[in-house]
Amino acid sequence: MYANYLQLLINPLFILKIILLIMMAVFIIFMLLILNQVRALSRTVKQPTSAIVSAIGLILLLAAASLFLTALVIL
Amino acid sequence: MTDIFVAPKKVKDKEENLPKKTAPKFSGEHDRIETYGSRDSKIGFFSSFHLYPRGISFKDQEENEEIILFLRRHFITNISWICIAFIIAVIPTVLFFYRNFFPIPPLPAIFNLFAFLFYFIVIGAYIYTNFISWYFNVSLVTPIRIIDIEFTDLIYHDMAVTKLNLIEDITYAQAGTLRSFFDYGDFYVQTAGSKERFSFLAIPQPEHVLDIVENLMGGDRHVR
């Protein structure tokens with residue numbers, strides 16, 4: 001049984017999947033920080049196009065999150 | 001018979017004699033800023049120099065405090081990261097067409113697909129972070145103060161304010177071919193406040209900005 005686990009852990013594809021998922025998770029955290037900053041700056045200076053900038057950031061975050069979830073299921 | 005003395009006509013209303021409330025006219029400025037009452041258009045998405053912008057406000061803005069000038073770095077300063085983004089976006093396509101020379105690692109197609117999609121999302125984030133670094137680095141000039149909002153780091157932003165009566169010295173520097181060609185440069189404000197030096201870097205028309213600030217401080221240079 002342990003041998004099977006060990007075989008899975010040293011499987012290059014499994015390691016690659018974990019690395020890809022970690023990278024995506026870090027990216028999502030990074031995007032959350034960015035969006036938080038954008039929201040704070042939008043409050044500091046209200047510009048007519050701030051909403052568009054926030055929306056673009058949100059789209060990026062959603063794309064990264066959906067890719068992460070899909071990768072978690074499919075890979 | 002010629003009149004020797006003609007009495008001046010009585011003024012019906014004293015207000016008629018008062019000078020009209022007009023804005024100081026800055027050198028090189030268009031006629032659209034003829035009076036304080038006139039307003040410019042709404043600020044654009046890529047605007048970096050805007051007089052009397054509409055639809056913009058800032059935190060702690062006083063009532064009736066009008067924004068005279070809105071500044072950002074000149075858009076041409078973004079050209080370096082735009083070129084980098086373009087190159088790194090094109091690289092996978094080039095590699096795909098010349099895949100015989102650059103063999104794709106023997107991975108399942110699904111891995112390649114996810115890596116490819118993630119790569120483009122990262123490029124999107126690169127473009128986005130660079131854009132917001134430019135977009136939120138804003139300087140504002142009002143009749144009573146100067147506001148400088150810095151977004152230097154992605155996890156740090158700073159808002160500095162100085163009153164116009166605390167300004168000791170203003171200078172601008174415009175050196176280099178690109179700066180001369182696109183008419184942008186650095187504008188520095190020396191103050192007696194807690195933040196001694198305000199730097200508005202790579203702003204368009206720095207001489208014009210100097211005129212405007214100087215005029216607001218009470219100077220009369222280039223004011224028609």
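**Exercise 1. The three-stranded sheet of chain B**

Task: In this predicted model, find the order of the strands in the open sheet of 3 strands in chain B, and name the strands at its edges.

Solution. 
- Step 1. Read the order: β7-β8-β9 of chain B. The pairing is antiparallel.
- Step 2. Look for strands with a single partner. These are β7 (167–173) and β9 (197–204) of chain B, so one side of each has no neighbour in the sheet.
- Step 3. Check the twist. From one strand to the next, it averages 15°.
- Step 4. Zoom in on one pair. β8(B) and β9(B) run antiparallel and are joined by 6 bridges. Within this pair, Y184(B) sits opposite P204(B) of β9(B).
- Step 5. Helix α4 (residues 206–217) of chain B lies across β7, β8 and β9 of chain B. Its angle to β7(B) is about 165°.

**Exercise 2. The five-stranded sheet of chain B**

Task: Which strands of chain B form the open sheet of 5 strands, and in what order? Then trace the partners of D148(B).

Solution. 
- Step 1. Write down the order: β1-β3-β4-β5-β6 of chain B, with antiparallel pairing.
- Step 2. β1 (49–51) and β6 (156–163) of chain B each pair on one side only.
- Step 3. Note the twist, which averages 10° from strand to strand.
- Step 4. Start with β4 (residues 138–141) and β5 (residues 145–153) of chain B. They pair in the antiparallel sense over 4 bridges. Here S139(B) faces D148(B) of β5(B).
- Step 5. Move on to β5(B) and β6(B). They run antiparallel and share 7 bridges. A hairpin links the two strands through 2 residues.
- Step 6. Find D148(B) again. Its bridge partner in β6(B) is A160(B).

**Exercise 3. Where the chains touch**

Task: How many residues does each chain bring to the contact between A and B? Which element of chain A gives the most?

Solution. 
- Step 1. Count by chain. Chain A brings 28 residues and chain B brings 30 residues.
- Step 2. List the elements of chain A that supply at least two residues each: α2 (12–44), β1 (45–46) and α3 (50–74).
- Step 3. Pick the top contributor. α2(A) gives the most, with 13 residues.
- Step 4. Sort the chain A side by class. It has 21 nonpolar, 5 polar and 2 charged residues.
- Step 5. Look at the strands. β1(A) and strand β2 (residues 57–58) of chain B run antiparallel, joined by 2 bridges. V45(A) is opposite F58(B) in β2(B).
- Step 6. Return to α2(A). This helix lies across β5 and β6 of chain B, at about 15° to β6(B).

**Exercise 4. Two partners for one helix**

Task: α2(A) packs with α3(A), and its axis also crosses that of α2(B). Is each pair roughly parallel or roughly antiparallel?

Solution. 
- Step 1. Know what to read. Two packed helices are described by the angle between their axes and the distance between the axes.
- Step 2. Take α2(A) and α3(A). Their angle is about 165°, and the axes are 9 Å apart. The angle is over 145, so the pair is roughly antiparallel.
- Step 3. Classify that contact: 21 nonpolar, 4 polar and 1 charged.
- Step 4. Take α2(A) and helix α2 (residues 109–135) of chain B. The axes come within 11 Å and cross at roughly 20°. The angle is under 35, so this pair is roughly parallel.
- Step 5. Name some residues. On α2(A), they include L16(A), F27(A) and V38(A). On α2(B), they include F111(B), F118(B) and I132(B).
- Step 6. Classify this contact: 14 nonpolar, 1 polar and no charged.
- Step 7. α2(A) crosses α3(A) in a left-handed way. The crossing of α2(A) and α2(B) is left-handed.

**Exercise 5. Positive phi**

Task: Where do N64(B) and D183(B) lie, and is N64(B) buried or exposed?

Solution. 
- Step 1. Recall the background. Most residues other than glycine have a negative phi.
- Step 2. Check N64(B). Its phi is positive, near 65°. N64(B) lies in the loop between β2 and β3 (69–71) of chain B.
- Step 3. Count its neighbours. N64(B) has 6 other C-beta atoms within 10 Å, so it is exposed.
- Step 4. Check D183(B). Its phi is positive too, near 55°. D183(B) lies in the loop between α3 (177–182) and β8 (184–191) of chain B.
- Step 5. Count again. D183(B) has 15 C-beta neighbours inside 10 Å, so it is partly exposed.

Terms used. Residues are numbered from 1 along each chain as its sequence is written. Chains are lettered from A and ligands numbered from 1 in the order in which they are written. This is a predicted model: local features need pLDDT of at least 70, side-chain atom pairs count only at pLDDT 80 or more; totals for chains, interfaces and linings use all residues. Two residues are in contact if their C-beta atoms, placed from the backbone, lie within 7 Å. Ala, Val, Leu, Ile, Met, Phe, Trp, Tyr, Cys and Pro count as nonpolar, Asp, Glu, Lys and Arg as charged, and the others, Gly among them, as polar. Two strands pair if DSSP finds at least two bridges between them. Axes are lines fitted to C-alpha atoms, for helices over the stretch in contact, and angles run from 0 to 180 degrees between N-to-C directions. Angles under 35 degrees count as roughly parallel, over 145 as roughly antiparallel, 65 to 115 as roughly perpendicular and the rest as oblique. A crossing is left-handed if the near helix is turned anticlockwise from the far one by less than a right angle, and right-handed if clockwise. A residue is buried if 20 or more other C-beta atoms lie within 10 Å of its own, exposed if 12 or fewer, and partly exposed in between; C-beta atoms are placed from the backbone.
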